[in-house]
Amino acid sequence: MRYLPKSEIERREMLSALGVESRESLFAHLPAEVRLNRPLDIPAGKSEYEIIDQFRARGAECADGYASFLGAGVYRHYRPVLVDTVVSRSEFLTSYTPYQAEISQGTLTTIFEFQTMICQLTGMEVANASMYDGSTAVPEAAMMAMRLTGRDRVLVARTVHPEYREVLATYARHQGMPIAEVDYARETGALDLADLEQKIDGETAAVIIQSPNFFGVIEDVPRVAEIAHRHGALLIFVFAEAVSLGLLEPPRDADIVAGELQSFAISPSYGGPFAGIIATKEKFMRQMPGRIVGETKDTRGNRAFCLTLAAREQHIRREKATSNICTNQALVALMATVFMTVYGKQGLRELAEQNLAKAHYLAGKLRQRFSGPFFNEFVASAKSPEAINESLLERKIIGGLPLARFYPELGDGMLFCATEMSRREEMDLVAEAFGQ
Amino acid sequence: MIKKVRPHVNQNEALLFERSSPGKRGYQLPPLDVPAVDAASVLGRGNTRGEIANFPEVSEVEAIRHFTRLSAQNYAIDLGLYPLGSCTMKYNPRVNEQVARIEGLAWAHPYQPETLAQGIMQVMAALEQALAEITGMDAVTLQPAAGAHGEFTGILMVRALLESQGNPRKKLLIPDSAHGTNPATAAMAGYAVENIKSNALGMVDVDELARAVDQDVAALMLTNPNTLGVFEENITRIAEILHAKGAQLYMDGANMNALVGIARPGDFGADVMHLNLHKTFSTPHGGGGPGSGPVAVKKHLIPFLPKPRLARAEHGWSWNYDLPQSIGRVRAFYGNIGMHIRALAYILAHGGDGLRNATLDAVLNANYLRVLLEPYYKLPHQAPTLHECVFSDERQARHGVRTGEIAKRLIDYGFHPYTVSFPLIVPGAMMIEPTETESKAELDLFVDALISIAKEVEETPDLVLTAPHDTRTSRVDEVTAARKPILRWKPPVK
Amino acid sequence: MYPEDLHYTKQHEWVRASGGTGTVGITDYAQQQLGDIVYVDLPKMGTSLEKGKVMGSVESVKAVSDIYAPVSGEVVGINDALATAPEKLNESPHADGWLVKIKLSAPDEISGLLSAADYEKYVAEEETGH
């Protein structure tokens, strides 16, 4: 087998060094009742070419060559070629967690740069080296807020991604964290501030909002922050569309930012792997979960980087850890780092401006459901979302997400996302489908 | 004598922010085919940001040089052995990288119509089936994002099962040899932790377990083989003790590399377990992630699996959300599909017999290292070794040299260190797992290195105490990094 | 070796009692075991401490150790210097590296603690036991 670098001769030499007859004898001590006495029911090993063919066939069964206007937490953006070039380097792809700083400066340096760029984008003071994804970053941020405030109630906007809220509920059930939802204003599609005022109290640890929210609408972050802080609660700001940070005012009033970086050259890949982040103010640093890289010096006085503040983590704290998380999404976070590097200060802005233009062009041709300002996603109203999507599929276009599955009261709503990848012709075809 | 490496030229590389210069660009977007819009008028002035202060601006050439130079400062599996215990640092097959990037798969959106996602769903179904066969369990979820996430998911399911029976119970039993994620997971799932001591052979003390299992115990979290690389020979009895009191056996699958094709946790009493695709199933570590932590369960736990679940429908595969007893979601969407593709490619490449053969080589390699190193390093637990072994620095400690220092000296010999000071039950632990993808030549070089270091410890201990010597970065000051954390670059104050 | 005016616990904490207040810290043995201290987590002013219960923790790079209250009472003073200079705990564990001041709620507890001589003996036994 091509991945096993041993010849039969070498195996025999090794066995004789062990003084045993066969490799099988190394398992002789296992109790008979636990042994599997038949071959695994998995077909014989395939050649590389057969494997590629098989997966190609699977790929061809998956909307190959279709245009798509789906967003809803997973976004279609160009992936600069440099991203795969860099992450395919052996030293990034096949390296381990950088616990041994002397031989991991490559990984550690890029993570330090990543942490810096996330702070610059979000307006926060410190960031970690990434969480699994945006959806799990949310409960981690909520638990952080609980630890910091000593309170346990959490208010979450209904306009936070529905699946993020489901994940929060799963985690919260076991943390003694009661969760209540804050409604949205039916006209603007933004958070209903009156409802927030009504529901928040002195037991609220955090208010969680997403902006742009699930409907694509931009929230009034300073006003929400004011309400939260007035009650001694923390503001947790969530983002799902990272490209928005190229153009939108960062959430400087937030206490914790929890976000998803999939838009930064991380392939949609049917939902994962992605990379989430948590960023916060310096004073909350020690309650931040996940790996963190810090700057230091080596014994020769040269700048070097290392994993730090490890005492918060599972391998030291064990049951008192800030979280059980072990991984950071290093390789996908590196994709995001390369993306941010390629685009740079001007590019992220230009990219965001293109997204803004495309989505507003499309929205201008459809009937918008909400009046609130939006970035690259919006809700369009349609008599029959299913009929529209059916006719679009005939043209190899995947239309917007019908909202009924998440918001029954918005049965005529479809969530459309247009990015720099959306073509005018495709958007004109969408408009046509609505016209019919 | 250091045979594997010689010093080599390696360039200095500044941070991106230090290379940045206004106006440099590494990108070009196609021109807009729709009218541009004025951000401030469309979004509101208050919603529009100014420039992203201090964000880097570099050209494509500088970007590629930056990352390429940095990469050269990393050790990696493609360069040589990582003897890290319980990490299973095996070769990451490149065909896996290629198939994960096939367009239809890489660009699939989780909400695209199911009829247009059959290919990717088929991949997931095939992986679920293969993992169920390998583990001897009845059903698999691919949702958890990593091993620790899988543990959390599995324990939540145990809780849900016990709740459905009227009492979630209060605590989890965890052996003192366990990985740190186990107790951290217990805490996150709302359970208290009680430690179970290991016996002299490094296995769970069955009598102690019998005494400890009562109506308050929800489950035992067990790694088998354990972190000493030793098979829990009393596993059947352990499972019986737990099941008799209505408790569950959770198996941490981190060490599956010793069992694939040989024994199946489902056959020896596990009720629920997680797997680490980035360990046993070769998906790349990528410098620290992503991973993937599928969870496999026996029939009685199926109702509690995270939703949605893959199910057969008229049009083929479909996502079933109608699972009233499910623990809910543990993350958005369906899992780390990119890693599922890679793991399936790995399984397809080996086939059933090939997977078993790989296990045999993994255990051969570990035993080979044990036999050759035992004369030089103390092996405290004499039970048979499977895929990893744990030495103690006891002999070297007499000369004032500890495991951490021996590990650093290994770097000078061209190797990544083994796992230092873990498991906690072995004082001065040196935990070594070679995996099956190491050649005899590489193992011999590793043995030579450790033997040479053992000699250095006796004759020239200072050389070991102040290692590494030959790296471009010498030992870093972790104390100051923790006392005065600097967690981001800031522009120099003018 | 160990100051005679202090009282000690088997968890390696010390108390210096003066009037109704006790100054609390960890011993030289403890700081040696921990190595370079990087962070100290102390209870807030006004917190009610119970003898024997966890009152905070001390972190080195690779380890965390809980600190147990040697006596009961209310926290009336915190050594702020440790926030910016945790190394004081290594340099002067029995003096400048003090942790908190407690208003003793049960002064009799002091008599149940170890004297310097007893503590020294205890530590010697711990060492050989290793």
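Predicted model: local features only at pLDDT ≥ 70, side-chain atom pairs only at ≥ 80, totals over all residues.
Local features require pLDDT of at least 70 and side-chain atom pairs pLDDT 80 or more, whereas totals for chains, interfaces and linings use all residues; side-chain values rest on heavy atoms, without hydrogens and water. Residues are numbered from 1 along each chain as its sequence is written, and chains are lettered from A in the order in which they are written.

The size of an interface is often given as the accessible area lost when the parts come together. Here, chain B and chain A bury about 16800 Å² between them, 63% of it on carbon and sulfur atoms (accessible area lost on being put together, 1.4 Å probe, summed over both parts). On the side of chain B, Arg49(B), Tyr111(B) and Leu487(B) lose the most area to chain A, together 5% of what that side buries. Contact (heavy atoms within 4.5 Å) involves 198 residues of chain B and 194 residues of chain A.

Between the two chains there are 16 salt bridges (a side-chain nitrogen of Lys or Arg within 4 Å of a carboxyl oxygen of Asp or Glu). One of them pairs Asp361(B) with Lys6(A), whose closest N and O atoms are 4.0 Å apart. Helix H11 of chain B, residues 337–373, supplies the largest share of the side that touches chain A, with 26 residues (helices are DSSP runs of H or I, at least four residues, numbered from the N terminus).

Thr341(A) lies in helix H11 of chain A, residues 330–365. Its relative accessible area is 1%, so Thr341(A) is buried (under 20%, 1.4 Å probe, protein chains only). Beyond residues up to four places away in sequence, Thr341(A) touches Met117(A), Leu16(B), Val58(B), Ala63(B) and Phe67(B).

Terms used
Buried area = accessible area lost by both parts, 1.4 Å probe. Helix = DSSP H or I, 4+ residues; strand = E, 2+ residues; numbered from the N terminus. Buried < 20%, exposed > 50% of the residue type's maximum accessible area, 1.4 Å probe, protein only.
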